[in-house]
Amino acid sequence: MVARIYKPSRNAMQSGTAKTKLWVLDYEPEQPRLVEPLMGYTSSGDMKSQLRLRFDSKEEAVAYAERHGIAYQLQEPKEPARRRIAYSDNFSFRRVGQWTH
């Protein structure tokens, strides 16, 4: 069973960065999920799909996987490109589109 080690991205619905500081080890599913025909529940016989381990650093997650003989894929995080602008830039004379009411 292959595990995936990654740093989660931020929630798209919020601008905060909560729950993005830790590294996560998730197992890839071995079996596909099944839909129970009567009630429509989604189930799986794969117990490791419910397991999510969190680590403070990438090195700790990799060391855990190697210590326990877990095959893993490491995904490096992509840092967001952020532009820092000041509020006063909204009223600058060099602004491309002039500000109007």
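Let me begin with the largest pocket, whose lining consists of Lys7, Pro8, Ser9, Arg10, Thr17, Thr20, Lys21, Pro77, Lys78, Glu79, Pro80 and Arg82. A pocket here is an open set of points on a 1 Å grid over the protein atoms alone, where a 1.4 Å probe fits, with protein on both sides within 12 Å along at least five of seven lines; lining residues have an atom within 4 Å of a point. This is a predicted model, in which local features need pLDDT of at least 70 and side-chain atom pairs count only at pLDDT 80 or more, while totals for chains, interfaces and linings use all residues. Residues are numbered from 1 along each chain as its sequence is written, and side-chain values use heavy atoms, with hydrogens and water left out.

The space in this largest pocket is about 380 Å³, the volume being that filled by probe spheres set on the points, which are joined across faces, edges and corners. Its lining comprises 6 charged, 3 polar and 3 nonpolar residues (Asp, Glu, Lys and Arg count as charged; Ala, Val, Leu, Ile, Met, Phe, Trp, Tyr, Cys and Pro as nonpolar; the others, Gly among them, as polar).

I turn now to the fold. The protein has 6 strands and 1 helix, in the order β-β-β-β-β-α-β from the N terminus; these are DSSP runs, numbered from the N terminus, of H or I over at least four residues for helices and of E over at least two for strands.

Which strands form the open sheet? They are 4 in number, ordered β5-β2-β1-β6, with mixed pairing; two strands pair if DSSP finds at least two bridges between them. At the edges, β5 (52-55) and β6 each pair on one side only.

Strand β1 (residues 2-6) runs parallel to β6 (residues 71-74), joined by 4 bridges, and Val2 has Ala71 as its bridge partner in β6. Towards β2 (residues 23-27), β1 runs antiparallel, again through 4 bridges; there Arg4 is partnered with Asp26.

Finally, the C-alpha atoms of the protein fill a box of roughly 65 × 45 × 20 Å along the principal axes.
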